[in-house]
Amino acid sequence: MKKYIIISIICLGVITSFSSCKGFLDTEPTDVVVAETAMLTLYDAGIAVNGLYVDLKWYDYYGTYMQLMGDERGDNIQPRTMSSGWIQIYTLGYDSESNTYFNMWQKCYQTIMRCNTLLANIEKLDPATSADKKKRDDYKGQAYAVRALIYFDLARMYGYPYMKDNGASLGAVLITDVVSISDAKQDRSTVAQTYDLILSDLDQALSLLSKDKNTGHFNYWAAKLLQARVYLYKGDWDAAYNAAKEVIDQSPYNLVPNQEYLDYWQQEGGDETLLEFFVTTQSTIDDDGGYVSFYHNLWHGDVSAGASLIPTVSWINLVQSEPGDIRAEFLRTDSKYEISKAWLCKFPGTNGVNFRLNNPRILRLAEAYLIAAEGALKGSAGVNQASNYLNAIRKRANPSTTDVVATEDLIQDERRKEFIGEGHRFFDMMRIGGSIVRSDGDGYNFAVSAGCPEEIDWNYFKVVLPISHTERQIYPNLEQNPGYTE
Amino acid sequence: MKKRIFICLCSMLLLSGVAVAQTKITGSVTDASDGSPVSYVTISIQGTQTTTATDVNGSYIFTNVPEDAILVFSCIGYSSQEVPVNGRNRIDVELSQESVGLEELMVVAYGTVQKGSYSGSATQIKQDKFKDVPVVSFEQAIVGSVPGVQITQRSGQPGSLPEIRVRGFGSFNAGNEPLYVIDGIPATSGDWGSDNIFTSSMNFLNPGDIESITILKDAAAASLYGSRASNGVILITTKTGRKGKPVSTFRANVGLSYFAMDNYPLASDEEAEILHRESWTNYGTDNPVKWQPYGSLDNYVDAMVEKYYPSRKSEFIYVDWEKELFRVGISQNYEYNISGGGDNSKVFASLAYNDDKGVNVIEYLKRITATINAETKIGKRLNIGGSVQFSNQTQSGHQEGAAKDNPFYLWKVHLTSRWPFQYASDGSYWMESYNGGSQRNPVGQFNLQINDANQMRVILKGWAELRLTDYLKIKTIVSDDFLQMHDRFGWLYGHVNFSAYGNGYMSDRYRFVNKVVSSTVANFNKTFGNHHISAMVGWEAEKEHFTYTRVGMVDFTNFGATQSALATTLDEAFTYVADANILSAISNLNYDYNSKYYLAASFRRDGSSRLSPKNRWGSFWSVSGSWRISNERFMSNVSQINDLRIRGSYGTSGTLPSSRYAYKAVFDYWTYGTEGAGYPDNLANADLTWEKNKNWNIAVDARLFDRLDITAEYYNKLTTDLLLDASVPSTTGFTSALTNIGSMVNKGLELAFSLDVIKKRDMVLNLGLNWATLHNEVLSLSEEGEQIVSRPWIWKAGYSYVQYYTREYYGPDPETGEPLYYSNKILDDGTRDRTLVSRSQASSTILEGMTAIPKGYGGFNAAFTWRSLSVSMAWSYKYGHYVWDNGVDDMETDGYNLYANIAKSQIECWQNAGDQTYLPRRIAGNTGGGYYDSSRALKKGDYLRLKNLTVSYTLPDKVKRFLRLSNARVYLAGANLLTFTGLNFDPEVRADGYYNFYLPALRTVTLGVEISL
């Protein structure tokens, strides 16, 4: 009897195991969401919009590299010693085989893909109310604007300045859809074609975006200021002037007054910030605003700081050339590392809590003033308008200064003083056909002995970044920039 | 139960008593190798049905034996012996264990076979081959003993995960680890920790509980495991109860360990100072602007050397860092087991405890294991059984590689002899950074650093076997394999290195893996005259449920707090679950004719949840055959050849993606500001399928002169649809996508010899040698001419999977000492430019012939027994391969590293025009980058190592009897006692050739005792 009981238990076991097979092999992940169900509601779309920004603030883009590309390749910021502090950027020591700096190319296309995915799917949402419809339009507008920002960065990092050859050099690969691997292997466009896409994306964005303040996100005004910047790089002075003027005149943003200027840098959603990216978490500490961030390395006020970057002596001299300039107060001499060298205390961390965690400022009202000044000077608005806008920034920084008549040099010097640590200087010099001069013995410079030409202008092949060797291994029709090894 | 055994024995004796009485013989049977008693030896009178057997103590009484009879002593596992009585009434016999005999029973996929009838390629290692080798993980004990199998210890930390490669590399990204099957159940294996220390989930097995290990190598052997069989299968059979009076065995051993060799010899203090001086002198000479402020070059050099290699100050105490960081490791192992059984029931139970203290104070392993394994007969037709295996292991250690908590790395790279240890005034540790970096004196911080892993594992198994007829039986098994891994990583309050994390950081990660496997198999086994057929058909279902929970906190509230409950700020906390299921149908068919011709076939169909519904089912099969030539009539006169057969097999197997959901497009989430942020996370590939293996194998097995066993095999393993996390154009928005991309072949020759040099009653000497070659070649990638660079390797058709790719270093310019490289630019005619250029102008290239694939590898061993003394040793070797030494980046930097230790080899750098040397001129802060990512990191990896040597002595019978022990043994075992290599660091490097400051192998000496009651 016992035997039969056992046999029947076994048989039962066999049968039940078989009958439970249906669906046995269909399992679902729980730490991620299957794409088909990831954007079914407007709420989900809002989360996906945040996904457009979340990687832009990583160290290999606006978390660090983008600023260093502008400041450390320029003459604003340099390594403190020759052993750390992104020497390769300082000396333009990159080549097509060094992998370190090419995440930017990847990083850019990663978010371009996110913009394209959002744009491809958001049409499927059919909001019932007009408020929701506006929200959807705003999301779409943000995707266009983010895409424009990234293509603009690709154009200025990987392509020669527009004004060098009217955009004839190689620019970005233009991807505007969700693409398969084979569709992704397109030829590079020219810089001019890249600018065309940027401007058309911005037109789309401006027609869709909300004009309300939206901290950490693009709104109409941020897109408008970006448009002004793009026109400026393109040499379309009147368009640049008009766009910048619209932002100055009509946007809800205001220049922060002199006495609040130092505090402004630790404010989130500050009065003159049109676009910043949220850096709030330390959990993936080495990726966003953490230990590899340049804020960590600019800081010398704590033994645990990186302290590998310092402002150049020529920048210090410039900012101290007129007494009373509030921006000279960024300079501190209480370095915990090397007392003889001043350090730049511009970015004390959001609310001054942690010097590593700063929201990078991408677009600021001060830039609109200086774009308007430059656009007016070189375009039809004229030198008086230019001087007005330039003096507004000068006086904000130094109320005791006297008005000047705007010149190209004064505007560029003002930009240099105002935007240190915001990644403009190198690109400014290149776009106007100027040059960066750094000679050894000039302060603490050692760029030349470390292998960099003393004077860099847009004829030097390394003013554009190389396309990564590894990328080209799988994508040979991705043309290399001239001068670099294949 | 004891009673039942007694009755059995009595009835045996009574039965034998019926024979015609002539004389009564008593005696004992012992094992020739160690003198231990052999129980249940069948003793028969030749030509009659009369038999008796020895009892548990190996003694026997045989009554009514004709005085001129010949007694035949036979026992499974031993060679039979015929002894003429010649009127004696006491006959003691020593039986020799059968050396790898062809009739040996071997555990194979879903069953056991006689070795001689098996046409697959498999090697079985029985526990007596490794029982005295003192290891925590059994894999280490069989290094070098299986041809074609490379086993490497990844690290010298206790409990580290060994790396096993069966017949080369089968895969790019799906993993190259073999499948482990324990007592018929596919088991959870590998490292389930968080990669802060190596921890092997197979460590739950106490090596002393293992009866045998079989490694399945070809398709005929492994195809029955289908979609997971491509990298070979390791079958582990654990001990079960043996019939007879319960035997208790107690083992204990204690071992001492320290580094097996002098790794990375460094320049002495004086030499280092000279080298620093040289690099600053050269730097100053090249940059006069630097020394001018100092007045003279000498002043400048003095100042620089003082800055970077400061003279010793009286306020500090300096030490020999090796003595402060390392100690002699001590391991202890205690084991108790009991085995017994009667005709119907058998039980085995064991309990073991390991305590292993590594060479660094933070390294330890403590493990307790317990097993019970029982089976019983119910009625005539039903057998049921079950087992419980439990283990609890806690491991602690430090990160490997160039990590700031790896004491080995700190010792070799950063902690120079000028790095202060303590303040002379109060003896407190000097905790400043001497090099401006994040490294600190680790000694005072060891107790503030947490890097540990606790593994608990329980395997419950139940089975029932129903014998329907003599030739047909059905067996069903259900098992639940539960693994709990809890590992922690953190720094407690006060750890200076990591003030970055505020006042401490602690992250707890919990992983639970629950694997339920159920299988039901019907076996048919019948002989029709000369035809013998066995067949099997069944099914198997496997359900793996994985849970991951992670909690991280920062800022401890209190000095001394060790758990995150006492930290204030939540860093991260989350949980998710994931499932991976497999459903399979299995079958095989074996046929042999007259023990001469054998044919076998197997078929398995697997469905896996890791693939999309349209691709998830796949079929795997094999056919094989062998011809036992020696059983042919025409061979019967060839007495020199005891056994000879040829065999061959062909079949398929597969490898599943290691990712559970790679075929689905998914969104991942993060936070942006205070809200969520979602984004597409992968480039999904709905066409994803398994890697497919086509595998053939031919072999010859022979035993000659009744002394020499030879096995020669040749295999060819072709893998197609390789799973590769292939780089994709960044313009897709992704960097890689899991793809079935290309094909790769592994082929090679394997030879194994075993020679009985001496085969006497009281003296046995056996020598064994195995040698294997491996040819590994990538045959195709997704596109013609494509090359995938994964530094320091490149994957390209025509080259091995571990082909090195880097800049080709030439040496210094004899005139200037500047490092020179071959340009290796591709010229218009397709050849490479061989002119010598500086580093920045040099292109990386495929370095022809420089690969991590060895030309040959294997081992040899010797076993010698003389009466109760036995000595055995095992060597392993590997040659003809290159290893990538990452230490070059840190210690041979030609002056780049201003503070760090300097390798002794740097003394030979270029100094004066005309110097012929390999190393360039030293220059401080060297930006020429002569040292890193170039062929300078490639070194010949050849080595020969005495893996283990064991001397064992069994106490004489008199002493045993006096102590009332059935057996007593003492043994002395050594591991890694001798190493011969041209490398300046430990040569046991991973199969891909990459070495980066893993804690090197240890030399261990162990003393042990074993007592059986």
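In this predicted model, the centres of domain 1 and domain 3 of chain B, taken over C-alpha atoms, sit 61 Å apart. The bounds come from an automatic or database domain assignment, and here they are for chain B:

| Domain of chain B | Residues |
|---|---|
| domain 1 | 2-95 |
| domain 2 | 105-241 |
| domain 3 | 258-327 + 881-1012 |

Domains 1 and 3 of chain B do touch: 5 residues of domain 1 are in contact with 5 residues of domain 3, where contact takes C-beta atoms, placed from the backbone, within 7 Å.

Strand β32 (residues 666-672) of chain B is joined to β33(B) by 6 bridges, and Tyr669(B) has Gly678(B) as its bridge partner.

Over in chain A, Tyr460(A) lies in the loop between β9 (455-457) and α18 (469-474). Tyr460(A) counts as partly exposed because it has 16 C-beta neighbours inside 10 Å (20 or more would be buried, 12 or fewer exposed, with C-beta atoms placed from the backbone). Its C-alpha atom is 9.0 Å from that of Gly483(A), 23 residues along the chain.

Residues are numbered from 1 along each chain as its sequence is written, with chains lettered from A and ligands numbered from 1 in the order written. As the model is predicted, local features need pLDDT of at least 70 and side-chain atom pairs count only at pLDDT 80 or more, while totals for chains, interfaces and linings use all residues.

Notes:
Helix = DSSP H or I, 4+ residues; strand = E, 2+ residues; numbered from the N terminus. Contact = placed C-beta atoms within 7 Å. Pairing = 2+ DSSP bridges.
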